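Hello,

Here is the structure I said I would pass on. My notes on the ligand and its surroundings follow below it.

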Amino acid sequence: MDSTTRDPAGAKRAAGYKAAEMVKDGMVIGLGTGSTVMYTMERLSQRIKKGLAISGIPTSFQTAMRAREYGIPLTTLDDHPVIDLAIDGADEVDPQLRLIKGRGAAHTREKCVAAAAHRFIVVVDEQKMVARLDGLVPVEIVPFAIRPVMDQLQNMGCTPVLREGVKKDGPVITDNGNFIIDARFKKITKPEKLEAAIGLIPGVVESGLFCGFTHKTTVIIGGEKRCRIIP
Ligand code: 5RP
């Protein structure tokens, strides 16, 4: 067991805080979703109290709510279609810095914000680093098309499962009013091709595969004593 598995929250905090240190005065930043980014916002809040002037674009209702609690000024992609950087968590990161996201069903907005950013900082703990992306891909879909989308995903060789709520009966409804299908593939050999193929299914909004941002991605891997940064 390495140090990060002994204290996963500490590792996430370390990564989240490190990313917050990379934010400079005057920046507009994308605020991802999830427990690691919450630490980034915690640290940003401390820095804002000391005079840092920034604004953030939240990728979910959860992030927007927390950002308001932390006193982080918010803005939108309407006002800032191009932004300095986006900071977000991930569920898996492979050696080429391709990602799987979407555990929190926020990956559509997260992808929009990452696409708008000059630089994409991904904050994770060591457990998220994988030799190869595993087979579970969250896919946001329009409820109207659930049946044909499920059929087409199945034809692509996966087992599609409609994500159901916890403390809510029935399907998870995303912040965009859609459903999530968790598509379990036996093996993902070509993530870029899979991302493109899933995206072509009518009714699919976005998949949780993030293969198009590797050129502008920096991954911060939190540890107990120090963070590892790639590249
Ligand atoms: C939400 C996401 C999250 O960024 C991802 O699940 C990582 O979350 P955490 O930092 O809590 O491990 O993709 O849709």
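Two helices, H3 (35-49) and H5 (107-116), each contribute at least two residues to the shell around the ligand. Please keep in mind that this is a predicted model.

The shell holds 18 residues, of which Thr33, Ser35, Thr36, Asp91 and Lys128 come nearest to the ligand. By residue type, the shell consists of 8 polar, 7 charged and 3 nonpolar residues.

Several backbone atoms face oxygen atoms of the ligand. For Thr33, a backbone N or O atom is 2.7 Å from a ligand oxygen. A polar backbone atom of Gly102 lies 2.9 Å from an oxygen atom of the ligand, and for a polar backbone atom of Ala105 the distance to a ligand oxygen is 3.5 Å. The protein buries 98% of the 380 Å² that the ligand exposes when taken alone.

Is Glu110 buried or exposed? Its relative accessible area is 4%, and the limit for a buried residue is under 20%, so Glu110 counts as buried.

The side chain of Glu110 reaches the backbone nitrogen of Thr33 at 3.3 Å. Leaving aside residues up to four places away in sequence, Glu110 touches Gly32, Thr33, Thr59, Asp88, Lys101 and Phe210.

Regards

Conventions: Residues numbered from 1 in each chain as written. Predicted model: local features only at pLDDT ≥ 70, side-chain atom pairs only at ≥ 80, totals over all residues. Heavy atoms only, no water. Near = heavy atom within 4 Å. Polar contact = N/O pair within 3.5 Å; in protein donor to acceptor, adjacent residues only side chain to side chain. Areas by Shrake-Rupley, 256 points an atom, 1.4 Å probe, with all protein chains shown as cover. Helix = DSSP H or I, 4+ residues; strand = E, 2+ residues; numbered from the N terminus. Nonpolar A, V, L, I, M, F, W, Y, C, P; charged D, E, K, R; others polar. Buried < 20%, exposed > 50% of the residue type's maximum accessible area, 1.4 Å probe, protein only. Contact = heavy atoms within 4.5 Å.
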